[in-house]
Amino acid sequence: MTTTKAHIYARISRDRTDGLNVAEQIVACENFIKNRGWELGETYSDNSISAMSGAVRPGFEKMLKDAEDSSDTVTFVVYWKQSRLERDPDDLDRFLLAGCEGYATDGTQANVKTASSELMTKMMSLYGRFEQRNKADFQKQANLRIAKAGTYRGSIRPFGQRKDGSWVEEEAEAVIEAAEKIIAGEWSFFRTSEVWNLRGLKTPQTGKQGGKQWTSGTVRNYFTRPRLYGYQDYKGTLYELKDWKPILTKEQFDAIQVKIDSKRTGFRTSNVTRHDVRLLTALIQCADCGRGMNAAQRGGPGSTRSYRCPSTKHVTIIAEPLEEAISEFSLHLLAQHAEVRNQQESTTRRLATVQGEKLSLTKEHEEWLDEAIEAGLKPSIIANKESKFEEEISKLDEEILTLQQDKTVSIFEGFKLEGWNASPIELRRDLLQTLYSGITISRVGQGKRFSPDVIDYKFTPLGERLRDEYLKHEMDALHPWENSDAI
Ligand SMILES: [Zn+2]
């Protein structure tokens, strides 16, 4: 009998209150391995800031590659907590697909040896995400209080202003000048960045570190902030900043947004942030007028729930059969997902590739830009290259968005109605938004019972693919002979 060889994986955490640093994680893992009498294999770690965000993790990738190349049927990996291993459920899928089995030092495991261990592993992953969200909610409450009080929320002062809202004259003048030229169509965001860089104006920074050079992207971003006219945005609601000296008027600001919007594509709608959010709140629309429908309840708890249009005498519908019909239909669609996914390159792998491409493209472009400015290339040449670059990036962004939707879907793959109903409501709402761009509800005739016919789905591209696959299956089941080669 041979001893089990186990590798270690450790990763830096975004949340400073969340336990051990990488070196400490590794020590904990080494102890875990020693106590079990296992043999210590490789140690993989990701210790750079990019490992916290969506970027590629070289250590994690190397581990998967080694596992795939390994002659062992199973690769054992020990980590401190499952949250260190995966940043989202898709990381976990890749880990398992590469033939790895995971052991956390807190005793939980990640494997698919049996149906129940697979369920546990997936639930751990869901739970991790759920917990992260809860934590984020606390932060949101604190931010909301600050926003309501009208104080500036940023940790760094904005360009043109101090944190108390007074002006840094030279910068504020430059902003006003640029705004006027941009509105008049004389300057692009790129041109603005060039002028500001030439004048030695930099982005604000904290501490001793100097600010950075402007790019067309950072300039554009800067001009989307409502604080320019004295408001700050918090979760889609604008709060007035107290004692703030606006640099632009609302009219100027709006004129710039029109310029920006005309170039922008594919943005997602924001979520509803209210306390009483039901599964379908604002996700379904009234067929009479198109307004989002809200949850309503006649009488106390236990009485019949319904959804209704905010306009009186428009669509009202009993909640439960509607929620069930939409949930079941969605699960039917999800059942097609594995099929659709297998027809393509693995979503996860593709996502890592595309994110990597975006990263290197950006880096490459920034290097080119530095050299071009130093070499004194003509602004028209630079602008030309800049707009090509932006086009490529926005294409990649679109693909990333689609792939991320695919990932959301894969969380629920194989779920039945019970599992679905037990999952956090925000996840389920996420998923519905991934499948449908809209769901319209018509009236149920007077005295008639609920029928799924009142539901009209509008699909997202992903939803459409799944629906086509679903319809194909249904057809095959009805007319098997049409697809038979035996004739
Ligand atoms: Zn209505």
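Residues are numbered from 1 along each chain as its sequence is written. Because the model is predicted, local features need pLDDT of at least 70, side-chain atom pairs count only at pLDDT 80 or more, and totals for chains, interfaces and linings use all residues.

The protein chain has an average pLDDT (the predictor's confidence in each residue, from 0 to 100) of 81. A score of at least 70 is reached by 85% of the residues. Residues 264-275 have pLDDT below 50. Beyond near neighbours in sequence, this stretch makes eight contacts in the model, a contact being two residues whose C-beta atoms, placed from the backbone, lie within 7 Å. Residues 482-487 also fall below 50. That stretch has one contact beyond near neighbours in sequence. Where pLDDT is low, the predicted coordinates should not be read in detail.

Three strands form an open sheet in the order 9-10-11, with antiparallel pairing. Strands (E, at least two residues) and helices (H or I, at least four) are DSSP runs, numbered from the N terminus. Two strands pair if DSSP finds at least two bridges between them. Strand 9 (294-297) and strand 11 (316-318) are the edges; each has a single partner strand, so one side of each lacks a neighbour in the sheet. From one strand to the next, the twist averages 35°, taken between N-to-C directions of lines fitted to C-alpha atoms, on a scale from 0 to 180 degrees. Strand 9 and strand 10 (residues 305-308) run antiparallel and are joined by four bridges. N294 has R308 of strand 10 as its bridge partner.

The loop between strand 10 and strand 11 holds K313. K313 is not a glycine, yet its phi is positive, about 65°. K313 counts as exposed because it has 8 C-beta neighbours inside 10 Å; the classes are exposed at 12 or fewer other C-beta atoms within 10 Å, buried at 20 or more, and partly exposed in between, with C-beta atoms placed from the backbone. D243 lies in the loop between strand 7 (237-240) and helix 9 (250-261). Its phi is also positive, near 55°. D243 is exposed, with 11 other C-beta atoms within 10 Å.

Helix 7 (residues 189-198) has buried residues F189, F190, T192, S193, E194 and W196. These pack against helix 6 (169-183), helix 8 (216-222) and helix 13. Just after helix 7, G200 has a positive phi of about 80°.

Helix 13 (residues 379-411) contains Q404. Q404 is partly exposed, because 16 C-beta neighbours lie inside 10 Å. Its C-alpha atom is 8.4 Å from that of T347, 57 residues away along the chain.
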